Amino acid sequence: MQTHLRGRDMITTQEWTKDEIDTVMEVAMHLKLQRAMGVPHASLRDKALAMLFFFSSTRTRSSFEAGIAQLGGHGAFIDSDTTQISHGDTAKEIGEIYGRYYDGIAIRQCDWGIGNQYIREVAAASRVPVLNMQCDVYHPFQILADLMTIIEKKGDPRGKTIAVSYAYAKSYQKPLSVPQSLILLMTRYGMNVRLVHPPEFKLMPDIVQQAADNARYAGGSFEIMHDMDEGFKGADVVYPKSWGCWVTTEDQAESVEIGKKYTDWIADERRMSLAQRDAIYMHCLPADRNIEVTDGVIDGPQSVVYDEAENRLHVQKAVMALTMA
Ligand code: CP
């Protein structure tokens, strides 16, 4: 267990050692148990977290806000539209100024080619930890919650097979941050990671390379596949979700047309039957029901999506307690 995490940013899990991530898991399990037993755990009394959103959220906002309150602190929800950012406040000014008011700065900025850079510029200017609530490249807290859920449901992830698969959705061109963060973290835990997608829906090449390197180092495997059925076959964990074909085109209209070729990429009962009998179905939510996944699967006995959503609360509390104390 690592006990010197005060002041650390969480922008990607790649910048935390495995020992440090193990510590997050251990603290998250402890806080989850304390909450279940009604044991107060206000370790961040009088601390305040800025929660700056450039995009909407159901889970991330509420789990951070509830989490900091349960730790005895206060979360300030800040919609970027209500700030002076559009009138000139730079990332440096946000880091410098919020860093003097608050004890942590959490940011969601998902614009392609902008979000991660923005968060890093804030972090460079901030004297307090910066927490990435999702950018164009990473969604670290979602993936920490996913890891916690896999450990709870499947035990040691080592040697288990996970299919991180594209699924069709028509709602909007979603960021790459969830599949990218999944392949980065699950390879570090010795899983056999299958990245499954149509050719146009590839992920960022340097992220894919890092995942391959992680797998070599940790002793698992990393494979890219282009057939959703093959990806599901024998898998212990299936994580089919939509993402945009950002690496192929930034043109929204073109990406919509490309996506229409793959409307049969849906997580349905037939595909679930290809996975292990006790396989779990995961999704970060929101999902396009009956387009990306059938009601029967997402509401079925193999689905763990609500436990997964709950674990956002526990891992975020763990990271805040470790970094903002
Ligand atoms: N999974 C997730 O990040 O959900 P929200 O977009 O609702 O925060």
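Which residues of helix 4 are buried? The views below take up that question and several others.

**View 1. Helix 4 and its cover.** This is a predicted model, in which local features need pLDDT of at least 70 and side-chain atom pairs count only at pLDDT 80 or more, while totals for chains, interfaces and linings use all residues. Residues are numbered from 1 along each chain as its sequence is written, and side-chain values use heavy atoms, with hydrogens and water left out. In helix 4 (residues 115-125), the buried residues are Gly 115, Asn 116, Tyr 118, Ile 119, Val 122, Ala 123 and Ala 125. Here, buried means under 20% relative accessible area, exposed means over 50%, and partly exposed is in between (1.4 Å probe, protein chains only). Helices (H or I, at least four residues) and strands (E, at least two) are DSSP runs, numbered from the N terminus. The cover over the buried residues of helix 4 includes strand 1 (48-53), helix 3 (91-101), strand 3 (104-109) and strand 4.

View 2. The protein is divided into domain 1 (13-139 + 312-324) and domain 2 (142-308), with bounds that come from an automatic or database domain assignment. Taken over C-alpha atoms, the centres of domain 1 and domain 2 are separated by 25 Å. Across the boundary, 25 residues of domain 1 are in contact with 29 residues of domain 2, where contact means heavy atoms within 4.5 Å.

**View 3. The largest nonpolar core, seen around Leu 144.** A nonpolar core is a set of buried Ala, Val, Leu, Ile, Met, Phe, Trp, Tyr and Cys residues joined through side-chain atoms within 4.5 Å. The largest one has 109 residues, and Leu 144 and Ile 183 touch the most other members. This core lies between domain 1 and domain 2, because both give residues to it. Leaving aside neighbours within four places in sequence, Leu 144 is in contact with Met 10, Thr 13, Ile 21, Val 24, Met 25, Leu 185, Val 315 and Val 319. As a general background, nonpolar side chains tend to be buried together in soluble globular proteins.

**View 4. The largest pocket.** On a 1 Å grid over the protein atoms alone, a pocket is an open set of points with protein on both sides within 12 Å along at least five of seven lines, whereas a cavity is a set of points where a 1.4 Å probe fits but cannot get out; lining residues have an atom within 4 Å of a point. Grid points are joined across faces, edges and corners, and a volume is the space filled by probe spheres set on the points. The largest pocket holds about 510 Å³ of space. Its lining has 26 residues, and Ser 56, Arg 108, Gln 134, Tyr 172 and Pro 286 lie nearest its centre. Each of domain 1 and domain 2 provides at least three residues of this lining, while helix 2 (59-70) and helix 6 (177-188) each supply at least two. By class, the lining has 10 nonpolar, 10 polar and six charged residues; Ala, Val, Leu, Ile, Met, Phe, Trp, Tyr, Cys and Pro count as nonpolar, Asp, Glu, Lys and Arg as charged, and the others, Gly among them, as polar.

View 5. Gln 134 sits in strand 4 and, although not a glycine, has a positive phi of about 125 degrees. At 9% relative accessibility, Gln 134 is buried. Pro 286 is joined to Leu 285 by a cis peptide bond, with omega about 5 degrees. The loop between strand 9 (280-281) and helix 11 (295-298) holds Pro 286.

**View 6. His 139 in its loop.** Look for His 139 in the loop between strand 4 (130-135) and helix 5 (140-154). With a relative accessible area of 4%, His 139 is buried. Beyond neighbours within four places in sequence, the contacts of His 139 are Thr 60, Arg 108, Met 133, Gln 134, Ser 177, Val 178, Ser 181 and Arg 312.

**View 7. The largest cavity.** There is one cavity of 30 Å³ or more, and the largest cavity has a volume of about 30 Å³. Helix 5 and helix 6 are the elements that give two or more residues to the lining of the largest cavity. That lining consists of Thr 12, Thr 13, Tyr 138, Pro 140, Ile 143, Ser 181 and Leu 184, which divide into four nonpolar, three polar and no charged residues.
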